[in-house]
Amino acid sequence: MLIDTHTHINAEQFNEDVGETIERAREAGVSPLLVVGFDTPTIDRAIELAEAHEDIYAIVGWHPVDAIDCKNADLARIEALMSHPKVMALGEIGLDYHWDKSPRDVQQRLFRQQIAIAKRTNMPIVIHNREATADVLDILEEEHAEEVGGVFHSYSMSVELLPRCLDLNFYISLGGPVTFKNAKVPKVVAQEVPLDRLLVETDCPYLTPTPFRGKRNEPAYVKYVAEEIASLRDMAFDELAEATTANAKKLFRLP
């Protein structure tokens, strides 16, 4: 059994077949699923799916790309949702310097505000980092995010930064890129992360693993991520699955 710790089956790409997608995941031994909402429509849908399915849980926050659109009412709603029985973390939050929609100072302010919400509500946080590593780590340290911990989703930083991330009380989550032939850094990271701090994810519908690269990703495919990591670590798949499942249950306080 595997847990897909980061899915977007609340995205429009799944509008026509979300039920079948969930069932394929279960048939592949992937359950529960954690669905991430990062703006009003996707938060609404994440909560809807979590309330409709016993083995689906929600993670809600406000994405840095859309930081400029976030209002005080949105932050208040996110804080209120931290007490929802099916909401297990605050995210995905962080910084994204690849896109130009939201100025960096606006992103940084929202990032700090959401870390504060997580600390007030004692919830782990899910980090999005794109081309902003130095600022992400500095803000996490300055805001003492280690008090709640969380996960670096779709970890893309260097092996050398792993100790700093682990010192912040964070887990490391790997997805489809670890299966890509020329993705050297994720493969080394997969070997170096302590087993008790490792998670697996799809980030579906994005970052589809080999052998389905180029097609829509879905939670059932997380097994290809786990198989590759187990191979890289020279360990049995079942052992890797058991460890990552235990880690996910511990971090997200899953039953």
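Student: Where is Pro32 found?
Tutor: Pro32 is in strand E2, residues 30-37. Strands (E, at least two residues) and helices (H or I, at least four) are DSSP runs, numbered from the N terminus. This is a predicted model, in which local features need pLDDT of at least 70 and side-chain atom pairs count only at pLDDT 80 or more, while totals for chains, interfaces and linings use all residues. Residues are numbered from 1 along each chain as its sequence is written, and side-chain values use heavy atoms, without hydrogens or water.

Student: OK. What kind of peptide bond joins Ser31 and Pro32?
Tutor: A cis one, with omega about 5°. Another cis bond joins Thr210 and Pro211, with omega about 20°.

Student: And where is Pro211?
Tutor: In the loop between strand E8 (198-200) and helix H8 (222-232).

Student: What about phi of Asn169?
Tutor: It is near 75°, a positive value in a residue other than glycine. Most residues other than glycine have a negative phi. Asn169 is in the loop that runs between helix H6 (162-167) and strand E7 (170-174).

Student: Switching to packing. At what angle do H2 and H3 pack?
Tutor: About 20°, with the axes 12 Å apart. H2 covers residues 40-52 and H3 covers 72-81. Axes are lines fitted to C-alpha atoms, over the stretch in contact for helices, and angles run from 0 to 180 degrees between N-to-C directions. H2 and H3 are therefore roughly parallel (under 35 degrees; over 145 is roughly antiparallel, 65 to 115 roughly perpendicular, the rest oblique).

Student: Which residues make that contact of H2 and H3?
Tutor: H2 brings Thr40, Ile43, Asp44 and Ile47, and H3 brings Asp74, Arg77, Ile78 and Leu81. Contact means heavy atoms within 4.5 Å. By class, this contact has four nonpolar, one polar and three charged residues (nonpolar: Ala, Val, Leu, Ile, Met, Phe, Trp, Tyr, Cys, Pro; charged: Asp, Glu, Lys, Arg; polar: the others, Gly among them).

Student: And H7 against H8: what angle?
Tutor: About 70°, with axes 9 Å apart. That makes H7 roughly perpendicular to H8. Lys187, Ala190 and Gln191 of H7 meet Glu228, Ile229 and Leu232 of H8. The classes in this contact are three nonpolar, one polar and two charged.

Student: How many cavities of 30 Å³ or more?
Tutor: One. The largest cavity has a volume of about 40 Å³. On a 1 Å grid over the protein atoms alone, a cavity is a set of points where a 1.4 Å probe fits but cannot get out; a pocket is an open set with protein on both sides within 12 Å along at least five of seven lines; lining residues have an atom within 4 Å of a point. Points join across faces, edges and corners, and volume is the space filled by probe spheres set on them.

Student: Which residues line the largest cavity?
Tutor: Thr40, Ile43, Trp62, Asp74, Arg77 and Ile78. H2 and H3 are the elements giving two or more residues to this lining. H3 has the largest share, three residues. The lining has three nonpolar, one polar and two charged residues.

Student: How big is the largest pocket?
Tutor: About 590 Å³. It has 26 lining residues, and His128, His153, Ser154, Asp203 and Leu207 lie nearest its centre.

Student: Which element gives the most to that pocket's lining?
Tutor: E5, with four residues. Strand E4 (87-96), strand E5 (125-130) and helix H7 (184-192) each supply at least two. The pocket lining divides into 14 nonpolar, eight polar and four charged residues.
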